Amino acid sequence: MSVRTLPLLFLNLGGEMLYILDQRLRAQSIPGEKARKDEWTDVDRKRVMNDIITTMFNKKFMEELFKPQELYSKKALRTVYDRLAHASIMRLNQASMDKLYDLMTMAFKYQVLLCPRPKDILLVTFNHLDTIKDFIRDAPGILNQVDETFRQLIDTYCGLSAGEFQLIRQTLLVFFQDMHIRVSIFLKDKVQNSNGRFVLPVSGPVPWGTEVPGLIRMFNHSGDEVKRTEFTTAGNYVTPPREGSFELYGDRVLKLGTNMYSVSRPVETHMSGSSKTLASHVKENRVPNPLAKEELNFLARLLGGLEVKKPAGSETGFRLNLFTTDEEEEHAALTRPEEFSYKVINIEATQEPGRQAELSRILGELEVAEPRPASGEKGEDLLALMDAL
């Protein structure tokens with residue numbers, strides 16, 4: 001597995017989260033002069049987006065994220081997004097947070113599957129960051145934070161070989177392999193089957209630097225071409241017009257990773273049969289996980305930079321519903337498999353040696369179980385056992 005995958009996973013999932021929140025906040029916003037005290041306004045939307053992006057691109061947080069390290073469990077990473085989503089005055093109920101995370105993960109999984117070549121995952125990341133910069137174009141201080149992360153990405157990834165990018169892509173696919181949540185947008189566009197698996201196209205642009213299939217060349221021992229044979233392909237392939245830009249500013253060419261919610265339309269998620277089966281058997285074949293302490297310490301370091309904002313004074317936190325009605329949200333919370341529900345875990349990690357040592361001691365005493373090997377991830381039950389903190 002690649003030790004350079006975590007920043008790409010976090011930034012792309014974070015970008016999808018911001019797309020969804022922006023769309024839902026816009027849909028529920030009321031003009032300022034007409035809004036009641038408990039209703040969203042466009043000012044509130046901008047504040048929420050600015051607060052979350054500021055937290056997401058915190059310098060110390062990014063430094064910790066970019067350190068070479070293996071991916072950790074889905075639940076550990078999910079905890080980071082729980083904290084990130086609550087980094088402002090916005091509050092999400094459990095069912096809405098579940099739906100948000102499902103939409104994030106399935107969107108990025110689809111983008112990874114469709115990348116013409118492994119290196120294009122970096123262009124997908126750049127598309128996410130380009131759109132995030134549009135959200136904060138009126139906030140130069142936050143914009144500088146995002147640009148600094150852009151430069152880190154360029155320095156870290158632009159020099160990697162094709163083989164290293166292939167390893168990154170494979171690591172991402174292993175992370176997503178058991179996730180088959182049906183999303184209404186994908187189902188309506190017929191890019192996802194009813195079992196939650198994606199339909200991959202057999203036509204379109206070929207990877208940059210390759211030729212359209214349909215021609216076989218034969219060479220002699222001297223390297224001279226001696227014969228050509230053409231054959232008919234099943235798909236309609238075209239050559240891309242140019243390579244996408246890997247600079248701070250430029251045309252990415254590739255459209256994967258852009259905001260698919262820019263045109264407002266309802267989005268629903270549904271658990272597929274295979275995911276339900278996985279949930280029902282996730283408690284089987286548990287054995288002690290020797291990496292538990294390392295994973296918990298990693299999580300504590302990340303969460304140390306993500307503080308949940310509490311409303312000041314008389315200010316109340318605003319609740320965002322990702323469902324059409326409150327009744328739908330309540331129904332989703334009741335029907336959600338218990339193993340797929342997560343709680344927001346508040347871990348205060350400071351730089352004081354005494355406090356950090358005490359945290360490590362407490363974390364080290366936890367016995368963390370590992371799921372059956374077939375799940376393909378470490379520490380499946382991590383967050384459930386972290387409730388002891």
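**Pocket lining and aromatic pairs**

Trainee: By class, how many nonpolar residues does the lining of the largest pocket have?
Mentor: The model is a predicted one. Sorting the lining of the largest pocket by class gives three polar and six charged residues, and the nonpolar residues in that lining come to 18.

Trainee: Which residues lining the largest pocket are the closest to its centre?
Mentor: The space in this largest pocket is about 550 Å³. Of the 27 residues that line the pocket, the closest to its centre are Leu-114, Pro-116, Pro-205, Val-206 and Leu-254.

Trainee: Which element gives the largest share of the largest nonpolar core?
Mentor: This core holds 76 residues, and among those that touch the most other members are Leu-9, Phe-10 and Tyr-81. Its largest share, 12 residues, is contributed by helix H1 (residues 6–28).

Trainee: Are the rings of Phe-10 and Tyr-81 stacked or edge-to-face?
Mentor: A pair of aromatic rings is described by the distance of the centres and the angle of the planes. The count of aromatic pairs is 11. For Phe-10 and Tyr-81 the centres are 5.4 Å apart and the planes lie at 20°, and since planes under 30 degrees apart meet the criterion, the pair is stacked.

Trainee: Is Tyr-81 buried or exposed?
Mentor: Tyr-81 belongs to helix H4 (residues 74–85), whereas its partner Phe-10 belongs to helix H1, 71 residues apart. Phe-10 has a relative accessible area of 3% and is buried. The cut-off for this class is under 20%, so Tyr-81, at 1% relative accessibility, counts as buried.

Notes: Residues numbered from 1 in each chain as written. Predicted model: local features only at pLDDT ≥ 70, side-chain atom pairs only at ≥ 80, totals over all residues. Heavy atoms only, no water. 1 Å grid on protein atoms, 1.4 Å probe; cavity = no way out; pocket = protein on both sides within 12 Å on 5 of 7 lines; lining within 4 Å. Points joined across faces, edges and corners; volume = space filled by probe spheres on them. Nonpolar A, V, L, I, M, F, W, Y, C, P; charged D, E, K, R; others polar. Core = buried A, V, L, I, M, F, W, Y, C linked by side-chain atoms within 4.5 Å. Buried < 20%, exposed > 50% of the residue type's maximum accessible area, 1.4 Å probe, protein only. Helix = DSSP H or I, 4+ residues; strand = E, 2+ residues; numbered from the N terminus. Phe/Tyr/Trp six-rings, centres within 6.5 Å; stacked < 30°, edge-to-face > 60°.
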